[in-house]
Amino acid sequence: SNEQFTDTKGLARVGAGGFFLGLTLMAGLQLVIFSPTLGQFGAYVFCISLFHWLEFFLTSLFNPHTLSFDSYLLNHSPEYHTAMGASVVEYFIESLVFPSMKNFWPVTCLGVTIALTGQTIRTWAMWEAASNFTHQIAEVKRENHQLVVDGIYRLCRHPSYCGWFWWALGTQVILINPVSIVAYALVSWRFFRDRISIEENYLDEFFPEKYQKYRREVWSGIPGVDGVWVPNSLRLSSLAAALGVMANKSDT
């Protein structure tokens, strides 16, 4: 077998992943613009494709030494694939049985807004963290590992998880999938609750005094995970400061 296709760092495999996402990205956009019946599904395909492409692109900017096919997160986990497959099955079954339910376009537009807002939050978080961001939980402190508390990290401790959470829910609102909306909310909430707990144990070890203070002052980013539903860190002053940091970083 050709290692260029079988190895996760093989150029052929990486290129094939990018080509596939380019096709699905444009196919989704074409459905939105030209298909009166599949425009809704096209918006879903577009948001999914954009998410996976941006994961690879931002990794290439800040952690090129780790770049591989895995950076697309297309092979995230069997559970992730199952959830996506189930949502697509639900959409088409309900489209056949309850077609009028899928024609409420204000809900779909709300879903697109939620998904793109979540995507913006995650992209901003990855940009702000730069080389400090990794797709895997860091179990050993790297020599250049820094605790990022500026920009969007002034608003929540885990903006990348916050963005993913709302992006995932938004994709199901786009499809008006009532079962998947509830299931995605519950499963995603439990997943990020557990992941945040594990990650913060390591961060407490890496930055013992600084992280404990940071955790007391800034909420997690996922509603209710740390017992906070309406966080004090989401003040207008904090938002203005976060946007100012992002603007300064983009200028440099």
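A residue counts as buried when its relative accessible area is under 20%, and as exposed when that area is over 50%. Gly224 has a relative accessibility of 13%, so Gly224 is classed as buried. The model is a predicted one.

**Gly224**
- Gly224 sits in the loop that runs between α8 and α9 (236-251).
- Leaving aside residues up to four places away in sequence, Gly224 is in contact with Trp189 and Trp229.
- Gly224 and Leu54 are 170 residues apart along the chain, and 28 Å separates their C-alpha atoms.

**Gly163**
- Gly163 belongs to helix α6.
- With a relative accessible area of 0%, Gly163 is buried, because the cut-off for that class is under 20%.
- Its contacts, not counting residues up to four places away in sequence, are Gly118, Gln119, Ile121 and Arg122.
- From C-alpha to C-alpha, Gly163 and Gly227 are 19 Å apart in space, and they are 64 residues apart in sequence.

**Nonpolar cores**
- The largest nonpolar core has 46 residues, and the members that touch the most others are Tyr44, Ile152, Tyr153, Trp164, Trp167 and Ile222.
- At least two residues of this core come from each of α3, α4 (78-97), α5 (105-129), α6 (159-174), α7 (178-206) and α8 (208-217).
- Another core, of five residues, lies apart from the largest one, and its members include Val14, Leu21, Phe56 and Tyr72.
- Tyr44 is in contact with Met84, Ser87, Val88, Thr171, Gln172, Ile174 and Leu175, again not counting residues up to four places away in sequence.

- Across the whole structure, one cavity of 30 Å³ or more is found.
- The volume of the largest cavity is about 40 Å³.
- Its lining consists of Leu58, Thr59, Phe62, Asn63, Met126, Ala130 and Phe133.
- Helix α3 (residues 39-62) contributes the most to this lining, with three residues.
- Five of the lining residues are nonpolar and two are polar, while no charged residue takes part.

Key:
Residues numbered from 1 in each chain as written. Predicted model: local features only at pLDDT ≥ 70, side-chain atom pairs only at ≥ 80, totals over all residues. Heavy atoms only, no water. 1 Å grid on protein atoms, 1.4 Å probe; cavity = no way out; pocket = protein on both sides within 12 Å on 5 of 7 lines; lining within 4 Å. Points joined across faces, edges and corners; volume = space filled by probe spheres on them. Helix = DSSP H or I, 4+ residues; strand = E, 2+ residues; numbered from the N terminus. Nonpolar A, V, L, I, M, F, W, Y, C, P; charged D, E, K, R; others polar. Core = buried A, V, L, I, M, F, W, Y, C linked by side-chain atoms within 4.5 Å. Buried < 20%, exposed > 50% of the residue type's maximum accessible area, 1.4 Å probe, protein only. Contact = heavy atoms within 4.5 Å.
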